[in-house]
Amino acid sequence: MSFKSHFSRFSSSQPGRLHFAAHSHHPWPDVSFAAHQRAWLDAAAHHDDKWDVIFGDVLPEAQRHVAAELGLSDFRSLVFAPNTHEFVLRLLSCLPERPRIVTSDAEFHSFERQTRRLEEEGLVTVTRVPAEPFATFPERLVSAAREASAHLVFVSHVFFNSGAMVRDVEAMVRALPGDALVVLDGYHGFCAVPTSLTALEARCFYVSGGYKYAMAGEGACFLHVPPGRAFRPRNTGWFAAFGALQDRQQGQVPYAAGAAAFQGATFEPSGLYRLNAVMRWRQQVGLSTAVTRAHAHALQRRFVAGLGASHPVRPGQLVVPLDDDARGQFLTFRTDPARALCAAMKARHVVTDARDDRWRIGFGPYQDEADVDALLERLSGVTP
């Protein structure tokens with residue numbers, strides 16, 4: 001199975017390049033090009049009235065696509081922003097003074113850097129539960145959250161620095177203290193791991209975006225907000241007051257109802273156009289998340305099976321073994337010269353990436369078996 005022909009604009013921009021960083025800067029399918037143009041043309045045609053088109057058509061379509069992917073019962077529980085860090089800040093601003101936060105030691109920088117900086121000022125207390133060993137992580141996270149009487153529990157569905165997937169998310173979330181805000185970071189899970197929030201939509205937030213496996217690029221991040229509660233984040237933008245914008249601002253600051261309370265301010269909407277186009281295209285060609293995952297895992301197995309004495313990494317260096325199906329769409333090898341290996345492969349026109357002592361290789365629908373064989377050939381003889 002190959003969907004390579006649908007990525008011709010990206011692949012033809014640098015002939016011969018092998019892109020194996022699907023977990024990072026994922027190539028965009030060709031349908032996103034016309035969608036990007038559509039955003040410009042709508043702005044030209046409608047001027048200020050373009051926001052009627054965006055909020056009346058473009059945004060609701062994006063909400064429906066995401067809701068369908070996640071099994072949400074009401075698309076209006078979703079709010080969009082240019083990046084997930086906006087949502088991190090708004091969520092933190094919902095917490096009481098000097099809150100107690102429980103998380104993992106394998107969270108991406110949007111959350112990790114921000115909480116460490118707040119710790120420096122004594123504004124938060126953070127408990128970081130080691131992600132490894134992965135098999136016992138859910139139980140250890142729940143135990144830590146109970147012991148700390150956590151105000152916020154923030155955890156990734158798939159850890160960015162290993163590809164390990166948290167098992168039985170539903171059971172883990174249900175076991176967490178009922179008065180804690182629970183946030184599931186789905187950035188490496190959305191459109192990579194089949195995910196249903198049907199049973200959890202009233203309990204936890206879910207944050208992700210279109211930059212990676214949804215293949216829509218920047219500017220299309222979203223947050224699912226559990227219904228039934230009124231949130232008043234201190235970090236707030238003027239979009240969060242839709243419905244009250246023409247009223248005199250006096251008394252308590254007003255908020256829109258539901259998820260809209262987490263809206264920010266003016267944003268660049270082309271990412272939503274691209275997201276809609278890509279999600280429509282996935283439906284048209286039958287590229288469900290389950291199909292994408294099966295394709296990526298088949299390519300992973302081919303790559304690992306092809307490793308031999310001439311290659312600088314071995315199957316035994318995998319952070320998540322190949323026989324463990326609880327992994328995302330990338331493989332992570334633990335190797336001291338990870339950064340040098342990444343640089344050596346770049347010199348051979350192969351895009352991968354490294355995090356500390358971990359070399360990451362991503363797989364996606366724009367690759368086929370021939371690409372994996374070419375990767376093995378270029379990796380052969382590399383001595384970082």
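Let's start on the outside of helix α10: the face turned away from its buried side carries the exposed residues Arg339, Lys346 and Ala347. Before we go on, please keep in mind that this is a predicted model.

So what about the other face? In α10, which spans residues 338–347, the buried residues are Ala338, Leu341, Cys342 and Met345. Why do these four sit on the same side of α10? Because they cover an arc of only 100° around the axis. If you are new to helices, here is the background: an α-helix has 3.6 residues a turn, so residues three or four places apart point the same way.

Next, let's look at a pair of helices. Helix α2 covers residues 31–46 and helix α8 covers residues 270–285; their axes come within 8 Å and cross at roughly 140°. The crossing of α2 past α8 is right-handed. Which residues meet there? From α2 we have Val31, Ser32, Ala35, His36, Arg38, Ala39 and Asp42, and on the α8 side they meet Ser270, Tyr273, Arg274, Ala277, Val278 and Trp281. Sorted by class, this contact has seven nonpolar, three polar and three charged residues.

You'll find histidine 65 in helix α3, residues 50–70. Is histidine 65 buried or exposed? Histidine 65 is buried, because its relative accessible area is 11%, and the cut-off for buried is under 20%. Setting aside neighbours within four places in sequence, histidine 65 is in contact with Asn276, Met279, Arg280 and Gln283.

My last stop is arginine 293, in helix α9, residues 289–306. Arginine 293 is buried too, with a relative accessible area of 11%. What does arginine 293 touch? Not counting residues up to four places away in sequence, the list is Met165, Ala192, Val193, Pro194, Asp325, Arg327, Gly328 and Gln329.

Two of those partners deserve a second look. Valine 193 is 100 residues from arginine 293 along the chain, yet their C-alpha atoms are separated by 6.6 Å. With aspartate 325, the side chain of arginine 293 reaches the backbone oxygen at 2.6 Å.

How values were computed
Residues numbered from 1 in each chain as written. Predicted model: local features only at pLDDT ≥ 70, side-chain atom pairs only at ≥ 80, totals over all residues. Heavy atoms only, no water. Helix = DSSP H or I, 4+ residues; strand = E, 2+ residues; numbered from the N terminus. Buried < 20%, exposed > 50% of the residue type's maximum accessible area, 1.4 Å probe, protein only. Contact = heavy atoms within 4.5 Å. Arc of directions from axis to C-beta. Axes fitted to C-alpha atoms, helices over the stretch in contact; angles between N-to-C directions. Left-handed = near helix turned anticlockwise from the far one by under 90°. Nonpolar A, V, L, I, M, F, W, Y, C, P; charged D, E, K, R; others polar. Polar contact = N/O pair within 3.5 Å; in protein donor to acceptor, adjacent residues only side chain to side chain.
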